[in-house]
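Open the model in a viewer and keep the sequence panel in view.

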Amino acid sequence: MHIYDSVQKTKVLFEPIKQGEASIYVCGPTVYDDAHLGHARSSLAFDLLSRTLKALGYKVTMGKNFTDIDDKIIKKVEETGKSMQEITTFYIDRYLEEMAALGVQRADIEPKATESLQAIEDMIQTLIDKDMAYVIFTGDVYFDTSKDSHYGEISHRVSEDEDSLSRVEHTSEKRNPKDFALWKACKGKEDICFEAPFSSGRPGWHIECSAMIEKYFEKEHGNGKYSIDIHGGGADLLFPHHENEAAQSRCATGHELAKYWMHNGFVQIDGEKMSKSLGNSFFLKDALKVYDGEVLRYYLNSVHYRNNFNFNEEDLQTAKKRLDKLYRLKKRVSPGKASAVNKDFKKALLDAMGDDLNISIALSIIDVMIADTNDAFDKEAKNKALKKETLANIEFIDSLLGFGGKEPFEFFQIGISQEEKANIESLITERSEAKKEKDFARSDAIRDELIAMGISIMDTADGTVWEKA
RNA sequence: GGAACCAUCGCCAAGUUGGUAAGGCCGCAGCCUGCAAAGCUGCUAUUCGCCGGUUCGAGUCCGGCUGGUUCCUCCA
C-alpha cells in the first residue's frame, strides 16, 4: 500500500508501526451544527482508506473524535437555552445517522473531549512542568512554540518574519505570536467550565486530539516513537491544527504523534470552498432528502480524495448513471448465490486502491468488468458460473468501496410508495396484454404515461422491468 | 504581502520511476427491439494552459508567464 504523506509531500510505502496493523485517527466534527458535504467527503475518504487497508489484510483501528467542548457550542447553548449535552448528543446522533446513510463504517474508537478531560489536563500539566507551556494572569494556558525546535515541520511553515505580515492579531500576554491556547480560563459565571489545577476553564481545540490519541492509542498502537500510523483530516487542518497537535504531543510525550499524515481536499460549490461565511454551505441532511445516500457516496468518492471536489447536480446525475449500470448487471445475475471473486479483478482493484486510493482507476476497472460481463451474457445468457462469479465480484466491490450492496430491484425503486408501485405494476400488466394483442398504440400510450411519471421500462426476456428514472 | 497546490477530449476524470494519452457522461453509426429502453460493437484528444530548455524521446523533468484554488483566522 502506498499513501501520499502530506508532510513528506510525496507518495510513500505504508510501513505500519506494528506488522499487519494500521491505526488511523481522523479529526471529527465539532458538534454544534449539522454536518455539511465537506464533513461527508472527509469521512468518506478515510472510510475508503480503512476499507482498503482491511481488504489488504490489515487489522485496522479507526478513531474519530467528537469535539464537544467549543466556543461555538457554548454560543449555541446561549442562543437556544438548551444544555451543552443536549446539543452535542443531538448533533452526534445526527452525524452518525447521516454518515451511516453514506455507508461510512463506524469508527472503533469515538472519543469525546468531555470524556477525556483528565488526559487533557495531564498533558497540559506536563507541558507546564516542562516549561513548554505557561499560565498567564487570566488563567489561560499557552503553548510556547519557541520551545519546540521542530515547530513548523508539519506544515512547512517558515517561522521567520511571519508576524510582520501575518494577519494574526498580537496578544500581548503571549510570549510568541504563534503561541496558542491549551486551556481557556472561564470568563464569567455563566460560562461552561471545568476545574483544573491551573484554572477553571476548558480545553483549547488542538490539545483535545493530542490528549485523546495519547489516551486511546499510544499504549496499544504506539511503539515509543509514534502513537499512531496515520493521522487524517481536511486539508485546512494541516495548519494550525495538526502543526499544533504535533508540537504538543512531541513536547509532552517525547515522541511523534503520527507516522503519516493524510489530508483530503475540499468540496467546492461553483469553484469556491464551501463554508458558512461564504453562505454556500450545503448540509448533508438536505442532500440526503433529494439523493440516495449510496448515490451520494459514489459521487463524492468518485474524485481522488486529495483533489478539490466541485459539487454540482449534473455530475451527480452522471455518477448515478454509472452506479445504475452496476445495479443493472446485478439485476441480470440476481437472485443467486455468489461463488468466488475473480482473482484478476480483485487484484486489479486492490492494486488501484493500494496506490494512494486511486478510485478513478478502480471505477474504470469496474466499468470494464460490467461491459465485459454484459457482453458475455449477451452471447451466453445462461452462464451459471459467470453469474455466480459476478455476484461475488459485486460483493467484493461492496466491501471494498461501499456500494452495490443493495437488492438490485429495490435500488431502482427508492422513493416509490407502495400505492405507486401497485399502480406501476398494473399499468405494466395492462401494457403487456396490449402488446400480446399487438395493440401497439395502446402499449405505447401506457409507456408514455409511465415515462411521464418518471418511470422507464425495459422489455427483457424475463418480462418487463421498470426503474425510477 | 508570504506559502502551497492545480491547469489533460463538449463535461467529469486517470496518467510512480520521461517512451509515445484509462474510464464515465454526452454525441454519431450499427446490432438487438413491433417501436423503444436496457445491453453490446465501432467511431470521437497526433494532443495534454502559454513560451522556452534538457533529452534520441516530455502531459510527465527544469525555467518563465498566464489562469484557478487553498492556507497564513474558526473550518472537513
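In which hand does helix 2 pass helix 3? Bear in mind that this is a predicted model, then select residues 71–80 for helix 2 and residues 84–101 for helix 3. The crossing of the two is right-handed. Their axes lie 9 Å apart and the packing angle is about 115°, which means that helix 2 is roughly perpendicular to helix 3.

Now show the side chains at this contact. On helix 2, pick I73, K76, V77 and T80; on helix 3, pick M84, I87, T88 and Y91. Coloured by type, these residues come out as five nonpolar, two polar and one charged.

Four strands form an open sheet in the order 5-6-7-8, paired antiparallel. Which strands stand at the edges? Select 133–135 for strand 5 and 201–203 for strand 8: each has a single partner strand, so one side of each has no neighbour in the sheet. Looking across the sheet, neighbouring strands are turned against each other by 20° on average, direction ignored.

Stay inside the sheet and select residues 141–143, strand 6, together with residues 180–185, strand 7. This antiparallel pair is joined by three bridges. Centre on Y142 to find A181 of strand 7 opposite.

The following two stops are cis peptide bonds. Select F239 and P240, where the bond has an omega of about 0°. P240 belongs to helix 7, residues 238–253. Then move to S334 and P335, again joined by a cis bond, here with omega near -10°. P335 sits in the loop that links helix 10 (313–333) with helix 11 (343–354).

For the last stop, move to the loop between helix 11 and helix 12 (359–379), and select D356. D356 is not a glycine, yet its phi is positive, at about 50°. L357 is in the loop between helix 11 and helix 12 as well, and has a positive phi near 55°, also without being a glycine. Are D356 and L357 buried or exposed? D356 has a relative accessible area of 1% and is therefore buried. L357, at 3% relative accessibility, counts as buried too, since the cut-off is under 20%.

Key. Residues are numbered from 1 along each chain as its sequence is written. Chains are lettered from A and ligands numbered from 1 in the order in which they are written. This is a predicted model: local features need pLDDT of at least 70, side-chain atom pairs count only at pLDDT 80 or more; totals for chains, interfaces and linings use all residues. Side-chain values use heavy atoms; hydrogens and water are left out. Axes are lines fitted to C-alpha atoms, for helices over the stretch in contact, and angles run from 0 to 180 degrees between N-to-C directions. Angles under 35 degrees count as roughly parallel, over 145 as roughly antiparallel, 65 to 115 as roughly perpendicular and the rest as oblique. A crossing is left-handed if the near helix is turned anticlockwise from the far one by less than a right angle, and right-handed if clockwise. Contact means heavy atoms within 4.5 Å. Ala, Val, Leu, Ile, Met, Phe, Trp, Tyr, Cys and Pro count as nonpolar, Asp, Glu, Lys and Arg as charged, and the others, Gly among them, as polar. Buried means under 20% relative accessible area, exposed over 50%, partly exposed in between (1.4 Å probe, protein chains only). Two strands pair if DSSP finds at least two bridges between them.
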